[in-house]
Amino acid sequence: MSGYGPYTSSTLGPTSLHVGGSGVGSGSTSRRPSKLGASAGSNSKRKRSKRLGPQSFRRKIINCILYSALLLFSLGIYKGSRYFPTVLEGQGSSSATSFLHVSAGNGSFNTVAEDAHADITTQGLYEEIEFLDLDGGVWKQGWNVQYKGDEWDHEKLKVFVVPHSHNDPGWIRTVEEYYQERSRSILSTIVTSLKKDIRRKFIWEEMSYLERWWRDASDTEKDDLKRLVHNGQLEIVGGGWVMNDEANSHYYAIIEQMIAGNLWLLDTVGVAPKNAWAIDPFGHSATMAYLLRRMGFKNMLIQRTHYEVKKALARKQNLEFMWRQSWDSSNSTDIFCHMMPFYSYDIPHTCGPEPGVCCQFDYWRLPGVGRAEMCPWGRHPQVITPQNVRERAHLLLDQYRKKSTLYRSNTLLVPLGDDFRYITTEEAEVQFVNLQKIFDHINADTSLKASVQFGTLEDYFSTLREEARAGAANAVPGFPSLSGDFFTYADRVKDYWSGYYVSRPFYKAVDRVLEQTMRAADILYTLTSAYCKAFDRSDFPLTFNDKLVSARRNLALFQHHDGVTGTAKNHVVVDYGQRMHQSVIDLLRVMSDSVHILLSRSMSNGQCKKFPSKEELEFYEPEQARERYDLLPVKTVLRGTGQKGRRVVLFNSLEEVVEQVVTVLVDDPSVCIFDSNWEPVESQASPEWDFGTSGSRPESGKHRLQWQAKVSPLGLQTYTVSPSSPVSDGCPLPTKATLQVFNPPQGFVCPAPYDCAVKTDDHVEIKNQHQSLVFGARHGLLFSVTKHDGQEVSVEEELAFYSSHRSGAYLFQPDGEAASFVEPGGLMIVVEGPLMQEVYTRPKTSRGPSNGELPVVRSARLFAGSSAQAAVAEMEYHTQLLNSAFDNKELIVRFKTGLNNKKLFYSDLNGFQTIRRKTYDKIPLQGNYYPMPSLAFLQCPSGRRFSIHSRQALGVASLGKGWLEVMLDRRLRQDDGRGLGQGVMDNHPNSVVFHLLLEKNTTETLDLKDSSSSRAQSLLSHRVGAQLDYPLHAFLGKPEPLESLRASIEGKLMRTTMAPLAQDLPCDFHVVSLQLLKTAGVSHLAKHKTGLLLQRRGFDLAYGVKKDLQNSKECSTFVDGSWNLFSLFSDLEIVNPRQSSLNFAKDETKEFGYLEQVHRKEGRAERRGPLTLDPMEISAFKLELRPR
């Protein structure tokens, strides 16, 4: 989306004060680019050439000798380190005894790694900026930009005008509608127009459209496009399936959407992108910078950042910088970043600071010729003639020069495009022909000291790097380093784009379901293919591959910055939802059939049996049924079937053993649970609540059957649900939960067959061995938490509404503070049992429709055990803003803790890292809201920490001392003027799940005022988040006769488990993904057929490593020693591993910031020391898996 928004009048258009100061931070010692002079500390913009005298020459020689000596000394110091590893000869690549270790690297990096030094931090910028929104004149958000005129006396200005067309894969129209109406023609126009003149250039970003065009294009068109790409006229930038959102998207989904696009491009066109282009995401994340660097990108461009941040950076010529991760002290993740300076990426806001002038050079606005909107500033484009070319050229060059003063080099980037531009050859010709005449005039007049040409991002960045004399490394001398992120985005005045963090939360939840299912299906499909490969079953069934490809692309499509953001038209959201819904169903089918094949293998040799029939494959069904794209999933009810039992197979997609209380639904609680050895398992039965009703009977008539399950890493575990019968030997029936009822409504009936006691106490407590939760009986809300050490922490739960008559899909603009709507007297039911305790609350409220429909119903639960699940309080909020009574309401839950966080808190970036946030009085309430894709926490100086883990992306703020509030849903009538043209009224019932974790610092007292202090999650927090993001998947077998089922299990005649890993993995280790690359776009003929992504988590040692972990077991980490990749699997062999970029598109490790650690040479594997994996880092490997 583009549009001018409010900047369409002469008084509001962004132009021009002299740029002062060098902007180089104290940590920068590199030379400046030539435009800024030879001295890094000089403010002069004129290059001063100086003849080298004899003394200077001798000094140069001496410096060269000293530098060489220092370099040799450094080589000696680092020999054998991660930078210069010692070469160790290994055995053949297929040998099972080969060692490929993953070690801790620098042993000091035992938490989140060391804090990095950066010249600029976004935290520092926020401290310095006053946020006064001063009127800058024609450049409303800047100042009156001027230049002297002699800045280019010694080196001319080099301008690259980069034509582009921003194609949203869904927004006002669906992706297919856009393709048929616009994008198809645009791509054909590009190919046709570029062929006419070698000087013409273009960039393209979205592979979703290019792949669709490729299917329709003729062979000639395909060949032409390939030729244009390879001769440099057409550059593919970014090359993801979409230009992804950076606030709500999880890093796993970002990687997958990049893989989907980049591998298709590499396999089809034969190129891998070098430069990233992100002009429309609504704010930018440091995680994206990291992922791009590790995918082999050298440069990136961003646009939508807070206008005050743009201004602050522009004043010191810091709009280009090395974007550095705050935890990367080695600077190996640095990527060069260009920030566009003005309001928008359209033509009026890209040639220079005066949009009224720039608009005159958008020739598709020519009166009587073009079809674009006329320039709103009253001055329009003119066809270029010999009579006006000089005046037009000088006017345009003036803008180029003014824009150039905002940057450090003499190389200038000028984008030329907008949404869905160049749709016809007529438009392309009028742009290219008129501008080329201007360029020719400027280039022919040497007195202008400028050259202008059409270019690509690669043209621009390579020229800039040459000017800066950048070496082979990715660093660009003369530019500052910057760490931090660019949230929350504001485009003008107090219009903060924090509403989209929450818009359409139902679909944000579906997005995460598709992610977890995609990852799990990939793992199961890969393992099944590997186990069956030796028995000619490697292509079972071929349709599975198509389903995985389609699902990955649908997941990728929704990461679009108008998809997961919830900022598209209603019918477009429906299209996204239907695609995701179908993909989840397809993936669950793949998983169900994979489970059947894996458990049907021979007990003697593990051989895959003859390919099963369709009826055999459908033996298992997913435990959760998804009936429609717009409905929550429904658990399948296990119904009594006489003397028949049903297998429940659990799949654990995590790399750790998972012990959890699991739940299935039954119609009769008189059943038994048996494990994989037919041993009885203790269980509990309790009523299932119907969250959607408002009457006096809150139960659904079904029962929750719960037991403690244990599943191996990446493994399968079978349990059997059996009716009580002679075959089950009188097994123990589930313990029936007892119910305490507070404030029962008239006509309330106790659910059968449970015992109910009506209570009138002021407070009620539920507890397990780790903690107890106290709730106030009047409102039914949480009051406090007491840990097992006896310390009580106030945690007051509050449900409230913001009234918002200006908010829309993008913007959050509340009328004032949030107001609680809960009144005393709501129904509260306390469920008590040995495995799970629960407080179910139906709040009484004065804000709602006359039929009593509630905006939210909440269940709070504690589970028994010593697992990560038992360490948290589970809070489930069933939201349903379905009635006009909730129009222009934004629903929040707020936790008021007794922790003095001093206005500081932390939220995650894309589920990958955490970042420090501060609540500022100088910023309006909506500007203090931040994205919370997965996590937020706060802590006090004593180190007590309160964390909220979320199952889906939402928005979070800390507006009071010790407060954390999360927005759950929003229903808004009006549009907010950002192009969507509608409000957000298509709400659906949704289930929002949080895991609350209260931790105690064990090693240090914290200085919360120390802005350089970055805090990471604890190891326990990582495990809590992983089990929430990637839960156990349950599959139900068809009813089977109990007698034969028992005989098969007890006689070991059938497989009931699978445990593919050979050893326990370190606790800070995470398998990000394991997938067959052919399902991501790689040809099935490729040598390396499997992709593996591994991460070493960064964690905060101050919160302990070995405490509060599963069964109090010792928890080894990478710090404790090295780890052998080759022995990852017990009966599968890793063959021909090769380190790769995170998108699997590049194998030259220097391209993505690593030194190669696995090298193939003449059929042997050279091992250059242990593989290092520093905290926070993700490493990718291409390999083959086969049975041992």
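How many helices and strands does the protein have? The protein has 18 helices and 57 strands. Helices are DSSP runs of H or I with at least four residues, strands are runs of E with at least two, and both are numbered from the N terminus. The model is predicted: local features need pLDDT of at least 70, side-chain atom pairs count only at pLDDT 80 or more, and totals for chains, interfaces and linings use all residues. Residues are numbered from 1 along each chain as its sequence is written, and side-chain values use heavy atoms, with hydrogens and water left out.

Of the 1188 residues in the protein, 65% are buried. Buried means under 20% relative accessible area, exposed means over 50%, and partly exposed lies in between (1.4 Å probe, protein chains only). The accessible surface comes to about 40,200 Å². Carbon and sulfur atoms account for 50% of that surface. Accessible areas come from the Shrake-Rupley method with a 1.4 Å probe; for residues, only the protein chains shown count as cover.

Helix α3 spans residues 175–196, and helix α4 spans residues 207–216. They pack at an angle of about 75°, with axes 9 Å apart. Axes are lines fitted to C-alpha atoms, for helices over the stretch in contact, and angles run from 0 to 180 degrees between N-to-C directions. The two helices are therefore roughly perpendicular to each other. Angles of 65 to 115 degrees count as roughly perpendicular, under 35 as roughly parallel, over 145 as roughly antiparallel and the rest as oblique. On the α3 side, the contact includes Tyr 178, Tyr 179, Leu 187 and Val 191. On the α4 side, Tyr 209, Leu 210, Arg 212, Trp 213 and Asp 216 take part. Contact means heavy atoms within 4.5 Å. The residues of this contact divide into eight nonpolar, three polar and four charged. Ala, Val, Leu, Ile, Met, Phe, Trp, Tyr, Cys and Pro count as nonpolar, Asp, Glu, Lys and Arg as charged, and the others, Gly among them, as polar.

α3 also packs with helix α11 (residues 425–444), at about 40° and with axes 9 Å apart. That angle makes α3 oblique to α11. Thr 189, Thr 192, Ser 193, Leu 194 and Lys 196 of α3 meet Thr 425, Ala 428, Glu 429 and Phe 432 of α11. This contact has three nonpolar, four polar and two charged residues.

Ile 186 lies in α3. At 0% relative accessibility, Ile 186 counts as buried. Not counting residues up to four places away in sequence, Ile 186 touches Ser 165, Asn 167, Trp 204, Phe 420, Arg 421, Tyr 422 and Ile 423. Ile 186 and Ser 165 are 21 residues apart in sequence and 8.1 Å apart in space, C-alpha to C-alpha.
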